[in-house]
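Reader: Please take a close look at one part of this model, the strand pairing, and go through it in order.

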Amino acid sequence: MKRFIILLLLGLSGYVSGQSTRLYGTARDSETGEPLIGAYIFIQGTTTGVATNNSGYYSFMLPQEGPQTLVCSYIGYKPKNVKIAGNNSQAIDFLLEKGIELGEITVAGQIPTENRFGTNLTEIPVAQIKKMPALLGEPDLMRSYQFLPGIQGGTEGKAGMYVRGGGSDQNLILLDGSPLYYVNHIGGFVSIFDPDAVKNFKLYKGGFPARFGGRLSSVLDVQLNEGDQKKTQRTVSIGLLSGKYGQQGPFARGKGSYIVSLRRFWLDFLMRPASYLAFKGYSVGYNFYDLNSKFTYQADEHNKLFFSIYAGDDKLTQKYKDKLLGPDNKSTQSLKWGNLLSAFRWNHTWSPALVPDLKLTYTRYRFLDLDKYRDNSEDIRMSNQFLSRINDFGLSADFDYFGANWYHLKGGVGTTFHLLDPGINRSESSEKGQTYSDTSFGNHSITAWEQFAYLENQVDLRRIRFNLGGRLACFFPEGGKYIYAEPRLSASVPLLNKTSLTASYTEMHQFMHMLSNPTAGFSTDFWVPATASIPPGKSRQLAVGIDKQFGMFDFSAELYYKKLSDLISFKEGEVFQGNAVDWQKRVEKNGTGTSKGLELFLNKKEGLITGWISYSLAKSDRTFRNINFGETYPFEYDRRHQFNAVINIPLSDSWNFSAAWTYGSGYPITLALGKMNVITNSEYTSSSNLYSTRETGEYYGPKNSFRMKAYHRMDIGFTHTKKAYGKERIWTIGIYNVYNRQNPFYYFYKERKPWRGDHTTVLYQSSFLPIIPSVSYTLKF
């Protein structure tokens, strides 16, 4: 079978390419040797060209014989030309220097749709994100995407991502091709991604290529840096929230490179002793950390090895002792949650036209709630533990086949073994060394297999460009079987004056559901699989739009419609922890949802002043049979209007200014409509006056029928960079919520002046983040 596929591809290569000369190679940063993803390689004066893949590799055919000029260009780098005299296939590698941008050279044809800042695919350069205003001095990759059309961030200050009416669990987030389940710290205020360790990342809102699957609403594809291949570099950074150390450099005599980055929240070193002194026997501490590392080794010209590791945890601890609990007594409560990820990849250049990849991955997500009590005087020990975790073991094989210049084939197969503990409670007690209680209850461990196979046909003709593909998605839980064919199509029809009509259709299935515990506090997310009785979620999305380039500007407008089905949610009043009942009996299933909208985007990515403005008009809803009496209600992050503006201005060679403003109409919430008198059994007699009791209760109308006030704020930031004596010093100064807008965080009812007999109930608004200045310092050497 393997030989048949190879012969078929080689035969196709001969058919589509004839006797043409093939050029292939890589595009890299001349200073560090880092591959440049999405660099454009083309024949000067023609429309013939391709973009480099995630390894910085390209391959295409010369359309004619004779002397020609090959050009490599990349935004933020000086283009490089190479004269081609012969007609023999050859490898040509490009080393680009940082300098002028792509717009300062002439490209006869349009850049391929997937490599542009378009509608379904959005991409913000990491260097630009570092200059954007940041909350508490922490540049955040995910928060920067909240300024793009079709993306909501959730509640105030959080780095969440709700794409086109989808939930936060419906985003496929990949780190070097491996999935992550939890991507935030501090309850969602900081994402786990370190901008200094990230090379490139793309967000797909629709038109998903067939290589992606397993989620319903979006794909965030994050690639880590490979490290400097020429010299060792170190980075030290300190801000109001965290400190960071990074190092990168070569090894194995230049054949390999590495990058290691460690970030840690440092305020707990102050929180613990301060709270202990203030509360006399009580202390509280919170911390998080991230470790990113990647090792790359070029064994020879045909084989390259990659090994990536990510580890990150949040931990919240409270300790009570002595005066609060009595002499010799001590109690500890701790929450711990986070990810561990490792990935090994072998990239082999079989031929200039065929490049396969083999990948092994491991992902673990764990949430642990542990309470301990100790009485030293009586030698008593008690503990209660809740554990929810996922272990994923994956193996996949992919390939890129570069046929004719108008044809690129991608394909692959893969399998993942899921081992889940959805929620296990354990209680243990002992006295004087003897255990007298050891009980476990909750949900038993679950195993499931997930497999996939896909093909993508990327065709680039003069009259039309499209990616036509399909994905076979299979999931085999205990006692169940789900097999789906997922068609994928995205197309672009070029018109006159660098204008294109775009359209896409995708179908996706999600085999892992997330349940949010409304009373769990700091961390609320628990992952459960599709089972024989709980089917996978499904989505279908159709989008049409127009994309135009004029001068230094890109403009896009897109209409979309998305249908969701087989969603799940907790039954009203249910929570995840501390319950022996199977979770499958505590959820509502077979939910549906719709999302539709219009997105406008104007981007200026060249010239002295850069930035963008965007507008979204959207509507999203949900329907469950036993929620809201079966009536359709607005999705919790349904936002009808959203407007964003971002600007970046270099003030001098060392100073840069940036500003961002956002406006959004209010989110829907559920509020009580009024009060009613409540009579208990002990109060009621035949002569009772039903209107004299002071006990009251609230009654509610339809779910999410009230709208919060509109949200808006402005952030500004200044960056000062100075290079001297081989070192680079960066000061980042920012102000969050410049004009101190009191945005609504939540609403509550309160009696006006009950101590004066005024029991009039009034609705109050609570705000969260006021104006917040910040500063951070970074040293690179």
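**Strand pairing**

Strands β23 and β24 form a hairpin, with five residues between them. Strands here are DSSP runs of E of at least two residues, numbered from the N terminus, and two strands count as paired if DSSP finds at least two bridges between them. This is a predicted model, in which local features need pLDDT of at least 70, side-chain atom pairs count only at pLDDT 80 or more, and totals for chains, interfaces and linings use all residues. Residues are numbered from 1 along each chain as its sequence is written, and side-chain values use heavy atoms, with hydrogens and water left out.

Another part of the chain holds an open sheet of four strands, in the order β3-β2-β5-β6 and with antiparallel pairing. Its edge strands, β3 (49-51) and β6 (80-84), each pair on one side only. From one strand to the next, the twist averages 15°; axes are lines fitted to C-alpha atoms, and angles run from 0 to 180 degrees between N-to-C directions. Within this sheet, β2 (residues 40-43) runs antiparallel to β3 and is joined to β3 by three bridges. F42 has G49 of β3 as its bridge partner. In a regular strand, side chains alternate between the two faces of the sheet.
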